[in-house]
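Here's a structure to get to know by asking how we can tell what we say about it. Have a look, then follow the questions.

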Amino acid sequence: MDWIKVASAQELSNDEAKTVDVAGYGVALYRIDDEFFATDSMCTHATALLSEGYVEDGCVECPLHQGRFDIRTGKAMCAPVTVDLRTHAVKREGDHIYVLSPAGK
Ligand code: FES
């Protein structure tokens with residue numbers, strides 16, 4: 001598995017998210033308290049991009065039906081979401097943010 005450079009740290013402020021491409025796979029990258037986290041970009045309930053949702057208190061609220069996930073663990077926190085999100089390993093080297101490629105997981 002490979003680490004893929006996806007962003008520079010300054011591209012995201014705290015409690016912001018963006019979708020990044022990790023070897024052809026859509027991943028939502030988040031910044032919380034100056035740490036970076038990554039999950040699948042697509043909600044597990046229906047078709048909505050979580051990077052367009054609302055980030056608060058370590059959770060992301062889906063923009064379509066307001067389901068919430070814990071960003072650190074991917075855990076589905078409230079209806080209508082019942083299936084956890086897949087999370088992805090992130091590392092920071094200087095200003096560069098890397099996500100471990102989900103290929104082959
Ligand atoms: Fe995300 Fe329904 S699509 S809660």
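Q: How do you know what to trust here?
A: This is a predicted model, where local features need pLDDT of at least 70, side-chain atom pairs count only at pLDDT 80 or more, and totals for chains, interfaces and linings use all residues. Residues are numbered from 1 along each chain as its sequence is written, and side-chain values use heavy atoms, with hydrogens and water left out.

Q: Why is Leu-50 called buried?
A: Buried means under 20% relative accessible area (exposed is over 50%, partly exposed in between; 1.4 Å probe, protein chains only). Leu-50 has 0% relative accessibility, so it counts as buried. You'll find Leu-50 in the loop between β4 (35-40) and β5 (54-56).

Q: What makes Tyr-30 a contact of Leu-50?
A: Contact means heavy atoms within 4.5 Å. Leaving aside residues up to four places away in sequence, Leu-50 touches several others, including Tyr-30, Cys-62 and Phe-69.

Q: What is the largest nonpolar core, and which residues have the most contacts inside it?
A: A nonpolar core is a set of buried Ala, Val, Leu, Ile, Met, Phe, Trp, Tyr and Cys residues joined through side-chain atoms within 4.5 Å. The largest has 16 residues, and Leu-50 and Tyr-30 are among those with the most contacts inside it. Strand β3 (residues 25-32) gives the most to this core, three residues.

Methods
Helix = DSSP H or I, 4+ residues; strand = E, 2+ residues; numbered from the N terminus.
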